[in-house]
Amino acid sequence: MEPLETDALLVDLMDPVTTSYRTVTTSRPTLDNNGRIEGRQHPHQTSTDDDEMLDIAMDGRDGQGMELPDKSHGSTHLMDTLDDLPPGIGQYDDFHTIDWLRDIARDRMRHRHIVKKRQEGWFEKLKSAHDAWSGWVCVFFVGLAAGSCAGVIDIGATWMSDLKEGVCLEAFWFNQEQCCWSGNSTTFNDEGGCDQWYTWPELLGSAKGAGSYIVGYLLYIIWALVFGLLAAMLVRVFAPYACGSGIPEIKTILSGFIIRGYLGKWTLLIKSVGMMLAVSAGLSLGKEGPFVHVACCCGNIFSYLFPKYGRNEAKKREILSAASAAGVSVAFGAPIGGVLFSLEEVSYYFPLKTLWRSFFCALIAAFILRSINPFGNDHLVMFYIDYNEQWSLQELIPFILLGALGGVFGKLFIKFNIMWCRYRKTSSLGSYPILEVLVITFITALLSYPNPYTRMNSSELIRLLVSRCGPEDEIELCDYNRNLTSPHPYQASALAKDGVHSALWKLFLALVFKCVITVFTFGIKIPAGLFIPSMAVGAITGRMIGIGMEQLVIANPSSPLFSNMCQQDVCQVTPGLYAMVGAAAALGGVTRMTVSLVVIMFELTGGLEYIVPMMAAAMTSKWVGDALGREGIYDAHIALNGYPYLDSKEEFTHTTLAADVMRPRYWRYGIGVRNDPPLCVITQDSMTVEEVEHILNNTNHNGFPAVVSRESQYLVGFVLRRDLNLAIANARKTSEGIVSNSIVYFTSHIPPASPNGPAPLKLHKILDMAPITITDQTPMETVVEMFRKLGLRQTLVTHNGRLLGIITKKDVLRHIAQLQNQDPESILFN
């Protein structure tokens, strides 16, 4: 019976009792006078002698594996893919995973070549210097662009948000605050306006009364719908990738996945404009998260100015890691927090030099934003606090309570948001993204306007909640019965009056509304971040608990529990501090950040005195959240969208082997497992161009193992599908004599071509001669760690040097999903 080409793959997977390997013996090859291995047969002949197959695999090397001098003349119509690389070799297709080891090795070869040529003259020295500083120059431009984009977006969003309520007639490009400052007004009306600022009811002749309220209400809804419609239309028509926050996709891209167009110039433009429109529409979302996407778009665009990064996907991700740090830096005015966010949350490969460049990039971005001064208050952000009152040890109890509430909120939010997003993907609702945006915008505007705490921008709400009441504040939240004869009446706590009680009810309604509406808002097809809505929910909760704690202490000043908080009948509790801690707790519960969150919060507020309360809340939030469910919101959306992301923080604790996961897999312990198609392989010197093209046309694999022969299955190397396609297409165009029956050689030495025969095609240089291999008995725990730590695209499975199968990143993800009782087909790798 004629042996099948897959017989060698089945040897180890059959019943071990009835199957055994053939004894393999090797001998040192004998060379002829031309330095070639004697006994080499014609390519079309097939040998069953394993010794000879091993000799052929040596391919011009001596017994120690050293390269022998090439004395053959061969054909002159050979394509050396090192000297004449066709365009596209070494690149990747869309929705494919990069090979980290291959790209890093290519960069090291390029660097060694530059160092070697540095001795040839001053021009080569200049090129070497340019190569050395190009990384710093690139991140400098990225920081410059990220800071500039952030300044424009902040100014535009503030202006359009105020446009919903009125306009400055003297200078329509001014927002409300700038309009009042430009007129040097000293009097302000009840709504914080001034003589230069005209509300829409005033312009339409309805200055006061019910008519004014109704006109303002209607125009508020109309402006919100206009902004929401524009944002959704721009995303739908020009840049579908500009929707959402972008952080799940950035994490996936930084882990080595290719999504063409996601970081392009159109995405950058539409994302920037869409962020301004979405925030101005009054939706329960923020622009801070999408800043990471915007900065990474800048990083991707500028990386193409430097071939060192533009042509190497692994090196490009160093720039993108620095860009993500710059994104958080300009979002919160927190350069150090941005670096830690990139390290803790989004980056997959973060060497030390990337840490330095990320810090430099974040620094430049923050400096540019500070120079633009978009808020006009000499601070990078709107949440700056101007108090430093001491906190007491007893207050750690409500701080930890806030952390626990933040963890519970994070879990519930993730659960219901993922449920709604999954319903959107599987129902007809996903076919009407613009209609969904308009409906949510209408409901949000309709319910937001009556409550001043939901009508105002979320960033302004947080600033109000974390601030301390002063003599200039005449709002309900600051309606206290203060003793104005004391030396510092606004630093001491006081009994709340009816205004505070009314504000608490409105804050409670705002809390319920924001918790519910944010579940439906995050995930719609417009640029939308989650940082600010989460912080707003936490800040409202914190302020309410802070006021409750304040009134409890004032009511019991002589209690032993509060004795150190009250001195001479003057008690000191700061509700704004509770709002700050609550904001950190809620954001930590949703995103599961810890170190970077605390640093961002104290950079955001300037509250260096309050690091310990924020650390306690952030840690409690993560503990509670992880106890209820380990996934943060971004990891949950990665899983929902099926991105091939192998989380380095998850532990693999199962006892499976590589033979359980590899493909093809037919038998194990004499039992049929699954009916996989045979493994497609390419032989090193016995296949024609037509046969190789047949494999390429009838399969969709990303690469093919190269073996000595189909019978022996001794592994020689691995060749990528894209490189093989490009090399053959380029050879047919540029090399004479390459026809369908030309022999394809993946060896460095070939026999002389027949004078009347077709010219052979040499593709040795596109073959990876050192692919990562494992044995079939390797524990999957080790395999998973290899994929995580080495950034592998695939690994080949062998037994005694013979090829058995292949394990790809997709196979590993499917195996993990199957072990977790999830649908393994949900991994949409390709």
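Q: If two strands pair when DSSP finds at least two bridges between them, which residue of β13 is the bridge partner of threonine 688?
A: Strands of a sheet pair through backbone hydrogen bonds, either parallel or antiparallel. Here the partner of threonine 688 in β13 is isoleucine 743, and β10 pairs with β13 (residues 743–745) in the antiparallel sense over two bridges. Strands (E, at least two residues) and helices (H or I, at least four) are DSSP runs, numbered from the N terminus. This is a predicted model, in which local features need pLDDT of at least 70 and side-chain atom pairs count only at pLDDT 80 or more, whereas totals for chains, interfaces and linings use all residues. Residues are numbered from 1 along each chain as its sequence is written, and side-chain values use heavy atoms, with hydrogens and water left out.

Q: In what order do the strands of this open sheet run?
A: The three strands follow the order β10-β13-β14, with mixed pairing. Because β10 (687–688) and β14 stand at the edges with a single partner strand each, one side of each has no neighbour in the sheet.

Q: How many disulfides are there?
A: A disulfide is a covalent bond between the sulfur atoms of two cysteines. With sulfur atoms within 2.5 Å as the criterion, the count comes to two. One joins cysteine 168 to cysteine 179, S to S 2.2 Å, and its torsion about the S-S bond is about 75°, so this disulfide is right-handed. Cysteine 168 lies in strand β1 (residues 166–168) and cysteine 179 in helix α5 (residues 176–182), eleven residues apart. Cysteine 469 is joined to cysteine 478 at an S to S distance of 2.0 Å, and with -80° about the S-S bond this link is left-handed.

Q: Are cysteine 469 and cysteine 478 buried or exposed?
A: Buried means under 20% relative accessible area, exposed over 50%, and partly exposed in between (1.4 Å probe, protein chains only). Cysteine 469 and cysteine 478 are both buried, as are cysteine 168 and cysteine 179. Cysteine 680, at 22%, is partly exposed.

Notes:
Pairing = 2+ DSSP bridges.
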